[in-house]
Amino acid sequence: MKKFGPVWTISPVALWIAVFFSVPLGLVLFVSFMTRGLYGGIEYTFTLDNYVRFFDPLYGKILWESVLVAACTTSLCLLFGYPFAYIVARSPRKYRNLLLLLIVIPFWTNSLIRTYAWIVLLRTEGVLNTALMKLGLIAEPLPMLYNDGAVLVGLAYTLFPFMVLPLYASIEKLDPAYLEAAGDLGAKPWQTFMHVTLPLTAPGIVAGSLLVFVPTLGLFFIPDLMGGSKSMLIGNLIKNQFLSARDWPFGSAVSIVLMALTLLMIAVYAKTAGNDRDGVI
Amino acid sequence: MSAYKVQLRNVVKTFDGHAAVNDLSLHVKSGEFLTLLGPSGCGKTTTLRLIAGFEQPTKGEIFIDGKQMNGIPPYARDVNTVFQSYALFPHMNVYDNIAFGLRMKKMAGREIKRRVLEILELVRLEAFASRRPDQLSGGQKQRVAIARALVNNPQVLLLDEPLGALDLKLRKQMQMELKHLQEELGITFIYVTHDQEEALTMSDRIAVMNAGVVEQIGTPDEIYDKPATRFVADFVGESNLLEGLAVRFDSRYAYMNWCGNMIPVPRAAWMRLNGTVYVSVRPERVKIASSPQHHPFAIPGKLAERVYAGASTKTVVSIGEGQHVVASEATDALLPLTPGQHVFVYWEPEKAMVMSA
């Protein structure tokens, strides 16, 4: 009996994963090999057509644009997140949690509602345009919404904490003695940053980038709402297949492709993190 | 050119209103091995960090090689530090760690290689050039840290308790290696430690620090044989500290009244009649006899306990109410005495060290 002890302790987790993860995923995988019914249902005939169809240049373009948008969002988050995380990690201990809380508080509100708030701010008769016109800084409203820029702002805003938190964790762990040692050996502040700080916080950069990049590919409502359905990203494609086009098999196939790409990226991360085992002390 | 490699003039460093270093002046000669010795919190590490440039003095001036250093950042100072934690860069191998300083100075690649290989040979780590710091033992890390600093040919090498993390045997060995290295290279070393034995072994001069000030600075034998204050006598080596009034003088001695005994001690110019005199006697100078001796003095007492310590044995003799004297004698030459027995302690009066504070 005793030797089954460890098995019993993991059984709730195993059950949870089986019911809420493996079964739905298995269903998606199964459906991706089926044929679309005439009226949007599923016909249980095996086919590879759904995957073949994805190689259409049209979808290739969507995937490429999605990756591009995700890469831009990640860069934007990194550009603003790194200095922020650095300042928080190097501020007096008593302020650190407060500063991190400031990042997290907005996320107590539903992200859909916060996206609508952005619309209120950015639209033609929105808060920002009205204020700028009243101040006489602009004569006509600026087109701040319903373009790629707006989508980027929305995505970067929503995913910012996922970049900051891993970065904070790795910068905070960085022993200041390394920075002093670099300075002592004649490195000017930017040299210290390039040769010591950056490489030693690389695991945080990679983790944060992955946590931003991957969800960006799947977030469909922000491009929908802030891009004004002009931009079609892979998340929107999947959503449309399931809801408007009623083509579940093709939607499933695209989901599986996206998931495979994501796993590939995580594998690359795990490999770099594994090689750099002393990167984070 | 200044006669002194490093000078601190009336340096004060306060943290949140508390003075870690208080009006400290220090002159370090070129090629000297100077040790800052003191208990934790005495300001020795802060002093070192002020010289390295990690801290800026609140008041006072610091000179390195005659140049004023106030406001100069660490990277622009011609000194290098060996950190207590070594602070070897974990993402670089031994070679890259050592080459770091030369690369920052944009030295030619061939010259970097020559100097790194040369210093690796000096610290006998040629075979370890491609190892990462986490693949090295404590002693090897220590040597890499020293090589990484020395390869830059600094004017002054600062060492912050560099042997603190090593076990006793390795520490003794590294003490000798460091001392020989310093003699060979002729670089000025400023060494911080709380280990008095380490300080006595390695230093040309020792500055004993307490509460942010230098209590005494001198050669190891001066510090040991002529402590200027009770703190120094107590901190460096073991010491019997006696306190009493000077009640009589003759041509050779001052006589101190201690627990009802008249004890002759060397005369000093500052002594006044009925003024307080502090006396320190090293345990190895104290002798024990079972009967009064033909000696200028012998203090009666009762043998309290004996503590065996290998080659020597410590004997504690209680004198009067709550006072005691410790004697350290060769275990081979011990008198057969038992606890509770009445004994007499004495020493050569010239061996007693007198202090005014």
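**View 1. Helices α4(B) and α5(B) are roughly parallel to each other (an angle under 35 degrees).** Here, in a predicted model, local features need pLDDT of at least 70 and side-chain atom pairs count only at pLDDT 80 or more, while totals for chains, interfaces and linings use all residues. Residues are numbered from 1 along each chain as its sequence is written, chains are lettered from A in the order in which they are written, and side-chain values use heavy atoms, leaving out hydrogens and water. The axes of α4 (residues 138-150) and α5 (residues 168-185) of chain B come within 12 Å and cross at roughly 15°; axes are lines fitted to C-alpha atoms, with angles from 0 to 180 degrees between N-to-C directions. Helices are DSSP runs (H or I) of at least four residues, strands (E) of at least two. Meeting residues (heavy atoms within 4.5 Å) include B:Ile146 of α4(B) and B:Leu178 of α5(B).

**View 2. Five strands of chain B form an open sheet.** Follow them in the order β13-β12-β11-β14-β20, with antiparallel pairing; strands pair if DSSP finds at least two bridges between them. At the edges, β13 (261-266) and β20 (353-355) of chain B each pair on one side only. Six bridges join β12 (residues 253-258) of chain B to β13(B), where B:Met262 is the bridge partner of B:Asn257.

**View 3. A:Ser11 sits in helix α1 (residues 5-32) of chain A.** With a relative accessible area of 29%, A:Ser11 is partly exposed, a class between buried (under 20%) and exposed (over 50%), using a 1.4 Å probe and protein chains only. Its C-alpha atom is separated by 56 Å from that of A:Glu125, 114 residues apart along the chain.

Technical notes:
Angles under 35 degrees count as roughly parallel, over 145 as roughly antiparallel, 65 to 115 as roughly perpendicular and the rest as oblique.
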